[in-house]
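Student: Could we go through this model together, a few features at a time? I'd like to jump between topics as they come up.

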Amino acid sequence: MKINYCDALVVGGGLAGLRVAVAAQEKGLSTTVLSLVPPKRSHSAAAQGGMQASLANGVMGYGDNEDVHFADTVKGSDWGCDQEVVRMFVTTAPKAIRELTNWGVPWTRIDRGPREVVINTERTTIVEDDAAHGLINARDFGGTKKWRTCYTADATGHTMLYGVANRAIRDRVDIRDRKEMLSLIHKDSRCYGAVVRDLVTGEIEAYLAKGTCIATGGWGRIYRTTTNAVICEGTGQAAALETGIAALGNPEAIQFHPTPIVPSGILLTEGCRGDGGVLRDVDGHRFMPDYEPEKKDLASRDVVSRRMMQHIRAGKGVPSPFGDHLWLDISILGREHIEKNLRDVQEISKVFNGIDPADEGPAGWMPVRPAQHYSMGGIRVKPTGESPTLFGLFACGEAACWDLHGFNRLGGNSVAETVVSGMIVGSYFADYCKSHEIDIDTGTVEKFVAAQEEYITEILSRPVGVENIFAIKKEMQTIMDEKVGIFRNGETLYHAVEELRELLRRSRLAGVRVKSLRLNRELEEAYRVPRMLKIAISVAYAAMLRTESRGAHYREDHPNRDDLHWLKRTLVRWPDPESTLPHIGSETLDIMKMEMPPAFRGYGRKGMISEHPLSARRQKEVDEIRSRMEAEGKDRFEIQDALMHFDLPENYKDKNERFGVGYE
Amino acid sequence: MSDMKNTMRKGRILTFEILRYDPSDLESKPHFETFHIEETPGMTLFIALNIIREEHDPDLSFDFVCRAGICGSCGMMINGKPLLACRTLTKDYEDGVIRLMPLPAFELLKDLSVNTGKWMQSMSERVESWIHSAEERDITILEKPVEPEVASDTFELDRCIECGICVASCATALMRPDFIGAVGVNRIARFSVDPADERGDEEFFELIGNDSGIFGCMTLLACEDHCPKNLPLQEKLAYMRRKMASMG
């Protein structure tokens, strides 16, 4: 048995994992990153439109600050988030943007003077201040009060990933690619590292560390139609789930993005609509203002996706061999704007669909339909990023349920979360690693390694022809698309759970045709798909039990947001590895500790809330504290602290300077 | 979409000739293997290769990640040209015969899978592919202004996805394994226009002012012809060469 030792082990080489690794390495810890693919190929690179941070440099961002970003994010989450975490996030986001500037991200900058933009399909001129010339620009995104999304054209994730990856190379972080975590090594509720398989040689080794951080991204590939890269299979979260100790939070909270292109499901950024593009139906009619008079095409993603499907159901979709779709029209932005700011979108549309979106009129319209995009849920962690039940296990980025996004994530808040949580969790993680030892006996480690070796041997010994793992995976993805999608109901979800359980049983019989350990994709599928099925069952089962509608989780048989019974976070544990069902519990969100008690979001359906009596009581309390302190001449930071105290490591709680207003 | 409706009915039979070889296996000899699959509308090589692996030969190795032309994982030789497989549509091959080989110049892992990651990591270390600055600006204060044009020029060169296609199309890289390729020269060009990087021409000369660097380029420029991101490699190679030549 080969054991690799390091101080800090990071599983996942995307933006979140790399940023955590840099935090640990720069605190003097020997840090190893394990990644399925070379880190610069991670799915973070696919983030297009931008990163939210309340810099407020541009004229359309004036007045923006942490408070506004906080309110937008909480409303976006449909009050499912952890408000303390949101405060930590919005306070650190401007620092993250500026740190990335230092690391070489070439943010699009502001040009002084007049500039033509498209707002509500009208060409409008905005004028940027002379003194703001050269500061970081921002574009509009859904569900936000201000133009807050900083960007590099529509390749923001790519430039951020290269900036952070290059920093990690500079810092000599030990990065090992084509490595896959099979299981976590733990003893007495403490995590000591992972059992890891080399995807080239097939060799299985132990990686022991003082602390372990999982940053393996989302689980989009449990669905058939998803914007996610093929590596986003949720096996990192599954490894945490299979400890039986760590829990998943809110797995049922799945985001469907409004505008993936049909049929490939490749994402077209929200920046298309942020920059002024609109959705059209079979008649060429711009329909979103009919449903959402205030936010129109730029309501939050859950709302826009639902309205689109509602419109298709009403017979207004465009028929195609791949099912009905709608149109995304950015031609109204003009060729110059598209070729500068939306060039990847243009390239994707031209290459995969033969449509140049800059062509005027219907010729340039791109076929779109909502598809799985993001998992708000993940490994449940505390604000420090540590699992509350499996000590020494940290998680951040999309793999975690930190819980920044609740039941709907705002566009531009995911790449932001990767680096911001990488900074914050990275700091707490490094502190943990510095104050703990690797005090586990090698006999225990041996048992964890042997279990995985035996599992692989057992898979290789199975007869061929009984079950096909590729077919089982497709069946799972079809069930998730058809039964655990945008519109959900109890009966269909029940069938989904039962069918997925049956698939999990069958997956345990799937043999592989090639017996080699080396670069054997079918073998990889044979051990991954059962883990994916455990995630899929967790998603479907939690969705079945949550008898309300909140954010992206929409139950046709329970259309109300039920604050009275469901202001809580689902917690999923899988204590019995042989079982086909997890244990599902929950934790209650405490209204009396919220800075912003539950209310109407300002978009979506009105009057569909079963209110909790404490919401009004807390709101009254909040109003009283605010007016009293304002009368005493307290500033917004002092008032915020009185309403809901939060902590941050490093200097991340320091005030952020802003153009024209200083540190106000 | 009418184009797709028409092809929906037909479904011609495609022929794939794929180079099979596992260099770690002493028994393995490089050879072409032929597969036939039915074409579907809008089919890319990502879709086709997955069908071949799932339905015909689970032992076939290749790499995809984003399947959207963004991550740079899937470069391969397609009918003799280095291209991103995920962005290659089968309909563009009129006779329906597609011959696939791994990218040359990189360590072959198996079949169509090559280790571009290792090559790019070593290139990044060699050209010190990170911002060099004596002092890092405080992240709580207003960022330093950058001319929008300069930021845009930096971004233009930062769009490289390290797919390795420029290296695979480069005659020098095939002869000199230590040549940094257009990707390495472009990276230096990127940092030289970025005002955040304080390195001057002397420092860049130290890194690439030799025959395995900028002077190795024979200006055949297949790199620019094949770059999937249409980076201005010709211009940047010429610019860096002039700059570096004046130093030497």
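Student: What classes of residue make up the lining of the second largest cavity?
Tutor: Bearing in mind that this is a predicted model, the lining of the second largest cavity divides into seven nonpolar, three polar and six charged residues.

Student: And which residues lie nearest the centre of the second largest cavity?
Tutor: Of the 16 lining residues, A:Asp78, A:Arg561, A:Arg601, A:Tyr603 and A:Arg605 lie nearest its centre, and the volume of this cavity is about 170 Å³.

Student: How many cavities of 30 Å³ or more are there?
Tutor: The count comes to 13 cavities at that threshold.

Student: What about open sites, then: what volume does the second largest pocket have?
Tutor: Its volume is about 830 Å³, and of the 33 residues that line this pocket, A:Arg115, A:Tyr151, A:His337, A:Lys340 and A:Asn341 are the closest to its centre.

Student: Which elements give two or more residues to that lining?
Tutor: From chain A there are strand E5 (113-119) and helix H9 (335-341), and from chain B there is helix H4 (148-158). By class, the lining of the second largest pocket holds twelve nonpolar, seven polar and 14 charged residues.

Student: Switching to chain B as a whole, how many helices and strands does it have?
Tutor: Chain B contains ten helices and seven strands, and its C-alpha atoms fill a box of roughly 60 × 45 × 35 Å along the principal axes.

Student: What percentage of chain B is buried?
Tutor: Buried residues account for 56% of the 248 residues in chain B. As for contacts within chain B between residues at least 6 apart in sequence, 64% of them join residues at least 24 apart.

Student: How many disulfides turn up in the whole structure?
Tutor: The search over all chains finds zero disulfides.

Student: Are B:Cys71 and B:Cys163 buried or exposed?
Tutor: B:Cys71 is buried, with a relative accessible area of 4%, and B:Cys163 also counts as buried, at 8% relative accessibility.

Student: Back to chain A: which strand does E9(A) pair with, and in what sense?
Tutor: Strand E9 (residues 179-187) of chain A pairs with strand E10 (residues 190-198) of chain A in the antiparallel sense, over eight bridges. Within this pairing, A:His186 has A:Cys191 in E10(A) as its bridge partner.

Student: Last one: where does A:Val661 sit?
Tutor: A:Val661 is in the segment after helix H18 (636-643) of chain A, and at 39% relative accessibility this residue counts as partly exposed, a class that runs between the 20% and 50% limits.

Student: How far is A:Val661 from A:Ala56?
Tutor: Their C-alpha atoms are separated by 9.7 Å, while the two residues are 605 residues apart along the chain.

How values were computed
Residues are numbered from 1 along each chain as its sequence is written. Chains are lettered from A and ligands numbered from 1 in the order in which they are written. This is a predicted model: local features need pLDDT of at least 70, side-chain atom pairs count only at pLDDT 80 or more; totals for chains, interfaces and linings use all residues. Side-chain values use heavy atoms; hydrogens and water are left out. A disulfide is a pair of cysteine sulfur atoms within 2.5 Å. Buried means under 20% relative accessible area, exposed over 50%, partly exposed in between (1.4 Å probe, protein chains only). On a 1 Å grid over the protein atoms alone, a cavity is a set of points where a 1.4 Å probe fits but cannot get out, and a pocket is an open set with protein on both sides within 12 Å along at least five of seven lines; lining residues have an atom within 4 Å of a point. Grid points are joined across faces, edges and corners, and a volume is the space filled by probe spheres set on the points. Ala, Val, Leu, Ile, Met, Phe, Trp, Tyr, Cys and Pro count as nonpolar, Asp, Glu, Lys and Arg as charged, and the others, Gly among them, as polar. Helices (H or I, at least four residues) and strands (E, at least two) are DSSP runs, numbered from the N terminus. Two strands pair if DSSP finds at least two bridges between them. Contact means heavy atoms within 4.5 Å.
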